[in-house]
Amino acid sequence: MKVILLLACVFTSCKNKVEESKAENITALENKTDEEDMYRPNFHFTPNKGWMNDPNGMFFYNGYYHLYFQHYPYGNKWGPMHWGHATSTDMITWKEQPIALYPDELGYIFSGSAVVDLENTTGFSTDGKIPVVAMFTYHDMEAEKAGKIIDETQAIAYSLDEGITYTKFEGNPVVENPNIPDFRDPKVNWDADRKQWTMVLAAGQEIMFYGSKDLKEWNLLSKFGEGVGNHDGVWECPDFFPLPVKGTEDTKWVLLVSINPGGPNSGSATQYFIGDFDGKTFQIDESFQKEQAKEHTFWVDHGRDNYAGVTWSNVTTAEGGKLFIGWMSNWLYANDVPTEKWRSATTIARELGLIKDDNTYRLVSSPVKELNDYRGKKVVDKNISIAGETVLTTTEIISLSKTEINFILSDVANGKYTFTLSNSQGDKLKFGYDGTLNKFFVDRKEAGRINFSEKFSDKMATAIRTSDATELTGKIILDKTSIEIFYDQGQTVMTEIFFLNAPFNALSIKSDLESFTLNTIEINQLNFN
Ligand code: FRU
């Protein structure tokens with residue numbers, strides 16, 4: 001059946017037809033209350049069992065992308081932190097590996113990074129093996145309980161089998177605590193120009209920059225953050241890297257800083273800064289600073305569920321972009337979401353790039369190209385004139401839980417456009433753009449189970465549009481429990497999770513205008529078992 005048949009009918013009549021014909025299927029699905037069926041994502045990474053938060057130590061080597069993660073393997077709430085581990089050849093399909101780092105007498109293993117020490121600057125190499133060096137925070141619970149500020153220090157561990165097993169360095173910690181609370185999450189990068197390791201570290205509400213020649217001895221280079229950006233919460237999980245500015249010969253440095261609370265739609269989120277680096281000091285770009293004075297904060301993602309995201313070391317895209325993954329949850333409710341066997345997933349892996357518009361530089365994100373290799377069945381339609389709420393597709397035609405949707409709306413200046421994903425249980429996830437307010441929105445108030453936390457759905461998530469183009473493009477990545485929306489080629493991103501009573505079986509669109517043209521809608525089934 002061609003999707004145009006469905007596109008032609010109005011929402012209610014289509015809905016009835018779809019519901020009749022799908023009733024059998026849906027009843028079968030609804031009867032499977034098993035959370036694996038309902039909530040285990042089709043293609044976003046989750047640990048097989050136990051708690052997960054931040055992605056850690058991501059590096060690429062020898063054809064494999066490594067992803068470590070904050071993990072408590074013996075319970076489904078945050079607990080004594082380990083580094084769980086998973087590997088992938090494409091950042092989409094992951095294989096969980098044995099736990100890489102266990103807590104010890106120096107403390108829990110908090111967030112950090114890993115680098116491939118190609119030139120053996122550490123001297124950890126034996127038999128010509130290339131060391132992979134992880135740098136992480138020790139969180140000393142005894143010290144915390146005793147009320148000591150110095151409960152966090154930085155340490156390293158090395159692997160001579162490409163990241164599977166690690167030996168902790170006997171000289172740990174390599175960075176003592178200078179009497180600063182919340183002193184954590186080291187992210188190390190190789191600065192090729194200066195031939196040195198640069199580490200950024202969150203320290204209260206500042207970022208401290210350190211340099212090292214051997215990953216063992218570290219010198220404080222500078223500090224950043226006083227009086228700039230958002231300070232409504234603790235700064236955590238920084239990342240720092242150069243990015244080419246698309247279409248120019250320029251390169252700028254990007255600093256990512258996660259903050260909790262203080263996010264644009266409450267709770268946890270990640271802000272960014274753009275500027276220059278001379279090997280010691282990070283200087284915010286002047287145009288960026290001016291825009292920041294108007295927009296206040298630049299966010300990597302405006303949804304409520306992308307936190308603590310950082311980039312892979314030892315790899316860039318062909319265009320020099322960085323590869324990023326985030327934790328798809330929020331400290332407001334992460335411990336309460338309705339799964340028992342595991343908690344949390346990662347975002348889809350994303351490419352980060354930089355663009356320069358009239359006013360300043362902006363970070364843009366898009367799902368990694370590797371996701372395209374999973375495209376299967378496709379439905380496309382163009383130049384559809386829409387009046388009233390109209391069903392765009394149903395699960396009779398294409399799945400709505402492993403799906404990529406691309407759309408173009410031609411002239412969005414004066415209307416409010418609402419997409420709705422729905423099912424026979426009355427669950428509804430609404431999202432779209434209000435041209436009169438210049439705002440994107442995601443509303444999950446009716447999207448299934450929300451009562452596990454009063455913070456989960458107390459309001460709609462919104463984001464101001466930064467592009468002034470009349471045409472609006474969007475890319476949507478849908479899984480069983482998440483939606484990731486990339487507007488205007490990734491200038492504004494919104495990532496949100498949800499927990500349905502039954503799978504979505506229809507996607508519709510409506511507007512408050514009498515009629516409008518949907519220029520293009522392309523829906524790709526993603527093939528995952
Ligand atoms: C961020 C964070 C980090 C810390 C880790 C502990 O989500 O609070 O700052 O290292 O989680 O699990």
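Modeller: Start with polar contacts, meaning pairs of N or O atoms within 3.5 Å, where within protein one must be able to donate a hydrogen and the other to accept it, and residues adjacent in sequence count only if both atoms are side-chain atoms. Between domain 1 and domain 2 there are 24 residue pairs in polar contact, both at pLDDT 80 or more.

Colleague: Which elements give two or more residues to the side of domain 1 that touches domain 2?

Modeller: They are β28 (461–464), β29 (472–479), β30 (482–487) and β31 (492–497), strands being DSSP runs (E, at least two residues) numbered from the N terminus. The largest share, 6 residues, comes from β31.

Colleague: What should I know about the source?

Modeller: This is a predicted model, in which local features need pLDDT of at least 70 and side-chain atom pairs count only at pLDDT 80 or more, while totals for chains, interfaces and linings use all residues. Residues are numbered from 1 along each chain as its sequence is written, and side-chain values use heavy atoms, with hydrogens and water left out.

Colleague: How many salt bridges are counted between domain 1 and domain 2?

Modeller: A salt bridge puts a side-chain nitrogen of Lys or Arg within 4 Å of a carboxyl oxygen of Asp or Glu. The count here is 3. Glutamate 484 and arginine 350 form a salt bridge through their side chains, at 2.7 Å, N to O.

Colleague: Where do the domain bounds fall?

Modeller: Bounds come from an automatic or database domain assignment. Domain 1 covers 3–31 + 371–526, and domain 2 covers 38–367. Their C-alpha centres lie 32 Å apart.

How values were computed
Helices (H or I, at least four residues) and strands (E, at least two) are DSSP runs, numbered from the N terminus.
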